[in-house]
Amino acid sequence: MLTATVLAKENRSRSRLNALYEVEFGVYSQWGEDGIIDWLIERLPDIPHTFIEFGVEDYQESNTRLLLKMRNWSGFLIDGSQKNIDEIKKQGIYWRHELTAKCAFIDRDNINNLIESAGLVGEIGLLSVDIDGNDYWVWQAIEVVSPAIVVCEYNAVLGDIYPITIPYQANFQRTNADPSNLYFGASIQALISLGQSKGYTFVGTTLTGANAFFIRNDCASMVTTALKAVYAFPSKFREARDTKGNLLYLNGSCRREVINSLPFVDPISGKSIDLSKVKEIYSSKWLEGKGAEF
């Protein structure tokens, strides 16, 4: 926390960045999301100090825990495991801050009621979406709140050229759907298009190719004017597994071959996609392991 305080102070003084990843640092986030979120909030001083995050497990690793400890925001957490929710409620952070944790398996039909049940409607500061599955469909369905910042996980294995996502299945669970753990979520192009339809501007991703960041259009200029460029990065995660759960350590486009035969859809046209028949889903920059500029 002491190091994070120093880094945050240094980052906040930076009025212009080459790209968003330059302010990354991680305290509780898996990658560099903590630093990016803190810098974005500093650019948006008048947004509500409230957040929603789902897919938090026991909340030891998350995109919003630093908001509680460094900025004393209020938040609502959702996870599908009652064991995880019970663990969160045992933590000192639960009574030290205005935090609500609820057990629920999220789908696009219940998400608005779940949010309303926590007393959250209208504008909020930040929404973090990471459910390893129906991320596109759930963000699309959210109507009861209007976050200033949206953080959404994308599946970089699906490339950066086409809008691609898994077909909606209310009971989707990543490992059950395919043991490889590579079959989930949506491509970065799918999320950018969705963000545009909901009134959001894409401002970049983590360097590791995990999470994408969006700013609501009415306040986006306070961020975009401070960015020289907007990049989306490929991932180099080697998380593919065999049917026994053993890591395969697959690199690059080899990961795509594992899920080529599985069903995908273009969420904009609604048409099914046979990934095995699409010649190239990665831009030249992504094939080189570099960020593609948007």
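Reply: A pocket here is an open set of grid points with protein on both sides within 12 Å along at least five of seven lines, and its lining residues have an atom within 4 Å of a point. Keep in mind that this is a predicted model.

Me: How many residues line the largest pocket, and which lie nearest its centre?
Reply: The largest pocket has a volume of about 1100 Å³. Its lining counts 46 residues. Nearest the centre lie Gly 55, Glu 57, Asp 130, Ile 131 and Asp 132.

Me: Which element gives the largest share of that lining?
Reply: Two elements give two or more residues to the lining of the largest pocket: β2 (74-79) and α8 (174-177). The largest share is three residues, and it comes from α8.

Me: How many residues of the lining of the largest pocket are charged?
Reply: Asp, Glu, Lys and Arg count as charged. The lining of the largest pocket holds 17 nonpolar and 17 polar residues. Its charged residues number 12.

Me: What is the volume of the second largest pocket?
Reply: This pocket is lined by 15 residues. Ser 235, Gly 252, Ser 253, Arg 255 and Trp 286 lie nearest its centre. The lining divides into seven nonpolar, five polar and three charged residues. The volume of the second largest pocket is about 210 Å³.

Me: How many disulfides are there?
Reply: The rule asks for a pair of cysteine sulfur atoms within 2.5 Å. By this rule, the number of disulfides is zero.

Me: Is Cys 254 buried or partly exposed?
Reply: Buried means under 20% relative accessible area, and exposed means over 50%. Cys 254 has a relative accessible area of 39%, so it falls in between. Cys 103, at 30%, also counts as partly exposed. The class of Cys 254 is partly exposed.

Me: Is Thr 205 buried or exposed?
Reply: Thr 205 lies in strand β6 (residues 200-205). Its relative accessibility is 1%. The cut-off for buried is under 20%, so Thr 205 counts as buried.

Me: Which backbone nitrogen does the side chain of Thr 205 reach?
Reply: The side chain of Thr 205 makes a polar contact of 3.3 Å with the side chain of Tyr 154. Beyond four places in sequence, Thr 205 is in contact with residues including Tyr 21, Glu 24, Ile 188 and Asn 211. At 3.1 Å, its side chain reaches the backbone nitrogen of Phe 233.

Notes: Residues numbered from 1 in each chain as written. Predicted model: local features only at pLDDT ≥ 70, side-chain atom pairs only at ≥ 80, totals over all residues. Heavy atoms only, no water. 1 Å grid on protein atoms, 1.4 Å probe; cavity = no way out; pocket = protein on both sides within 12 Å on 5 of 7 lines; lining within 4 Å. Points joined across faces, edges and corners; volume = space filled by probe spheres on them. Helix = DSSP H or I, 4+ residues; strand = E, 2+ residues; numbered from the N terminus. Buried < 20%, exposed > 50% of the residue type's maximum accessible area, 1.4 Å probe, protein only. Polar contact = N/O pair within 3.5 Å; in protein donor to acceptor, adjacent residues only side chain to side chain. Contact = heavy atoms within 4.5 Å.
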